[in-house]
Amino acid sequence: MRIRIVDAFTDRPFSGNPAGVLLLDAFPADDWLQKVAMEVNHAETAFAHRLSEDSEADWALRWFTPATEVAMCGHATLATAHVLHVTGAHEGPVRFATRSGVLVATPRADGSFILDFPTAPLTPAPVPAGVADALGARPLSAFDTGPNVGDLLVELADEKTVHALTPDHKALGAFSERGIIATARAEGPSRGYDFVSRCFFPNVGIDEDPVTGSAHTALAPFWSERLGRAELTGLQASPRSGRVHTELRGDRTLLSGRAVTVIDGELTA
């Protein structure tokens, strides 16, 4: 079967966040899906199969890290929508049936996609004891991001602090289900983005995720409230880097970005 590696939230190869994408006739055993994800060894591998015409969605979609299945993944959803459209397997908006409900990816004329995701519910939380030492910086505030995202979102003093983080990844796993989203306001509007973030997910086998769509369903409401705008752009300052455009619409968050296929091959196992 065909397997593709797609860089998401970027228009350039070898940047953004890579995801494996496999289009199947049906989902095989979970053990096989997990082994393929381990072999691909990217943050996520997406598996999708077409649904019947009377279903509430067009394709079923699941995401696996090298360690486990996850409830939501933005960049691998974008990567899957990209593959469906460039191969002609699907035209127009595509509805994905997932563990997080029906997620819609809509292609735009410029080649980008808009993802319609549930907005993460943010609940203020005390800054846990020890998180500053594990992260390498003292948070100004902390928020629980709810079950779909499963992270602790922490605000840091400034953009330079986010860039300079050198966390103890193993220690970070004690503070939330998936990991930590660290964020700060951009240093200035001339940079072309409104906020910066980095994401560390040791509990699902990802020390640092390159560009995280799901995290932006929490970052969008967080920064929209503080900056007074529904539409924002976030820079995820990982070594690969990438930008996510967000639009807050109440209980839904629109994420937009591009994707590019870098590997198209055959899985023989």
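1. Thr253 is buried, its relative accessible area being 0%; buried means under 20%, exposed over 50%, and partly exposed in between, with a 1.4 Å probe and protein chains only. The model is predicted: local features need pLDDT of at least 70, side-chain atom pairs count only at pLDDT 80 or more, and totals for chains, interfaces and linings use all residues. Residues are numbered from 1 along each chain as its sequence is written, and side-chain values use heavy atoms, leaving out hydrogens and water.

2. Strand β17 (residues 252-257) holds Thr253. Strands (E, at least two residues) and helices (H or I, at least four) are DSSP runs numbered from the N terminus.

3. Leaving aside residues up to four places away in sequence, Thr253 touches several residues, among them Leu115, Phe117, Thr119, His216 and Leu248. Contact here means heavy atoms within 4.5 Å.

4. Which residues touch the most other members of the largest nonpolar core? They are Trp63 and Phe96, in a core of 47 residues. Helix α2 (residues 74-86) gives the largest share of this core, six residues. A second, separate core has 21 residues, including Ala134 and Phe200. A nonpolar core is a set of buried Ala, Val, Leu, Ile, Met, Phe, Trp, Tyr and Cys residues joined through side-chain atoms within 4.5 Å.

5. Ala174 lies in the loop between α5 (169-172) and β12 (179-185). Ala174 counts as exposed because its relative accessibility is 65%. From C-alpha to C-alpha, Ala174 and Glu231 are 33 Å apart in space, and they are 57 residues apart in sequence.
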